[in-house]
Amino acid sequence: MDLEDIEIQLFVQAMRLRHGYDFSDYAPASLKRRVHQLVRTHDSGTVSRLVERLLHEEGFLPRVIEGLSVPVSEMFRDPPVFRALRDKVLPVLASYPEINIWQAGCAYGQEVYSLAILLEEAGLYDRTRIYATDFNDAALAVATDGIYPTREARDWSRHYIEAGGSQSFSDYYSARYDFIKLDQRLRRNVTFFNHNLVTDEVFCEAHLILCRNVLIYFSNGLQDRTLGLFRDSLVRGGFLCLGTRENIDFSPSAASFTHVDGALRIYQMGGSGTKALQR
Amino acid sequence: MTPCEAIVMGCSAGGLVALERVLAGLDPALRQPIVVCCHTGSPDVSLLVELLHRHSRLPVTEARERERLQPGTVHVAPSGYHLLIEASHRFAISVDPKVAYARPSIDVLFETAAAVWHERLVAVLMTGANSDGALGLKAIRDAGGYAIVQDPATAEVDVMPRAGLDIAGADACVALDAIADALNRLCLS
Ligand SMILES: C[S@@+](CC[C@H](N)C(=O)[O-])C[C@H]1O[C@@H](n2cnc3c(N)ncnc32)[C@H](O)[C@@H]1O
């Protein structure tokens, strides 16, 4: 076994034994890149030196979690997905007196605000609760503030229009210097909290779960466990939306889902469409 | 020479024409998987895949996460995601920040491929307007792999091959029209 892989294993062991965070079923190639990135950020030289700090240094863990989480996101990323949610999913959700949405792996919250805008424009927001979760507290704090660099937000109004937005995107934020702050009214029905998909359990009965580009970091076993968690959380006929390049063909739990829009990775629990699992 | 088990290729500006040329010349008897990372700037590579498919005698498909690399098949990295190779010879994708201003990044593909195949890998770096791929090529050469860089004089945009030569050097620096032959020679057993 080469030295690099030994060091990565020591790191994973240290995270699990010392701090209770289990990364052993994360997709190895990405995890390795992130650990090496951490080594550079903290100028540790080697992974073993990073492990030493992880074991002995008070307060170092959150910085490691931040480094492993990489909460990269955008508002209305993949506009056709949000258009499909607007056109195909929200009209079904409208039949429920109360709507619960779980956004898992919400990163800096861009998709949470995107969803809130969709719901607001569909007239459904006042009977909706969005549970937005992530295992990175620092990201959750940013998500709660809803402040983003203007530079990043430049593409978002185009995305909003392509997603079928019916107002003007600028109605939803105020611009200050180099930042935009999203209208805090959009947050009124959002609960942000820390939830780790590896270890934590189901906490609500959801009508829609949005978990995009999170399972791509998980190996097959953990992907399957997480899809099982989503199945157990969703009401019958509830919807699941994953990232547009995700592949659930290797997960036995995927058999509980049918396609609403296969290309956009929108599924329904036990619906009447074609089975999501084709193998 | 050690037998080659996989081929990775990177390019950006001018890449479509260069890839068409190379794929058209590849021997259909090649059994190695071929993985291509080409910056396109469009949200979808299906058009690129279709165009390449027309010129190639080997099948061309978009790489899918978790799927196994297929022998004698050209896999193209999806847009907007980094494409990584796992030790299990399967694909993984990530939306980590851009590397060298690019996602997919050639560096990411090359570095992960180097860790899997070491000296049993052949890499090709071609036309492009930035220096993505140069560090990846260095990782491949450091691990004992074989690097072909397109002769910058024959590149539509020479920044990428030049950066490759500066940072990594090359085992062969050849004109665009000679790349396919070089691959056939190295990879046909
Ligand atoms: C790439 S972001 C996805 C952001 C957004 N959904 C999107 O697609 O634009 C991945 C997020 O998943 C979170 N994540 C990774 N592992 C997790 C886990 N075990 N439990 C909860 N969240 C996790 C990370 O902290 C990060 O914020």
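A:Glu4, A:Asp5 and A:Lys32 form a network of salt bridges. The model is predicted. Over all chains, the structure holds 27 salt bridges.

One salt bridge of chain A joins A:Asp78 to A:Arg212, with the closest N and O atoms 3.1 Å apart. A:Asp78 sits in the loop between helix H4 (61-69) and helix H5 (79-93) of chain A, and A:Arg212 in the loop between strand S7 (206-211) and helix H10 (220-233) of chain A, so the pair ties together parts that are 134 residues apart in sequence. A:Asp78 is partly exposed, at a relative accessible area of 24%. A:Arg212 has a relative accessible area of 4% and is buried, because buried means under 20%.

Chain B comprises six helices and nine strands. Its radius of gyration is 14 Å, close to the 16 Å given by the globule rule for 189 residues, so chain B is as compact as a globular protein of that length. The C-alpha trace of chain B spans about 35 × 35 × 30 Å along its principal axes. Of the 189 residues of chain B, 57% are buried. Among contacts in chain B with a separation of 6 or more, 70% come from residues 24 or more positions apart.

Salt bridges also occur within chain B. B:Asp142 and B:Lys138 meet at 3.0 Å, N to O. These two residues are four residues apart in helix H4 (residues 134-142) of chain B, so about one helical turn separates them. B:Asp142 is exposed, at 59% relative accessibility. B:Lys138 is partly exposed, with a relative accessible area of 33%. Another salt bridge pairs B:Arg120 with B:Glu119 (3.7 Å, N to O). B:Arg120 is partly exposed at 23%, and B:Glu119 is partly exposed at 31%.

The two chains also meet each other. The contact involves 25 residues from chain B and 29 residues from chain A. Together the chains bury about 2000 Å², with 43% of it on carbon and sulfur atoms. Five salt bridges cross the interface. One of them links the side chains of B:Asp44 and A:Arg245 (4.0 Å, N to O). On the side of chain B that touches chain A, strand S5 (82-85), strand S6 (91-94) and helix H3 (106-117) of chain B each supply at least two residues. H3(B) gives the most, with four residues. By class, this side of chain B has 11 nonpolar, three polar and 11 charged residues.

Technical notes
Residues numbered from 1 in each chain as written. Chains lettered and ligands numbered in written order. Predicted model: local features only at pLDDT ≥ 70, side-chain atom pairs only at ≥ 80, totals over all residues. Heavy atoms only, no water. Contact = heavy atoms within 4.5 Å. Buried area = accessible area lost by both parts, 1.4 Å probe. Nonpolar A, V, L, I, M, F, W, Y, C, P; charged D, E, K, R; others polar. Rg over C-alpha atoms; globule rule 2.2 N^0.38 Å. Buried < 20%, exposed > 50% of the residue type's maximum accessible area, 1.4 Å probe, protein only.
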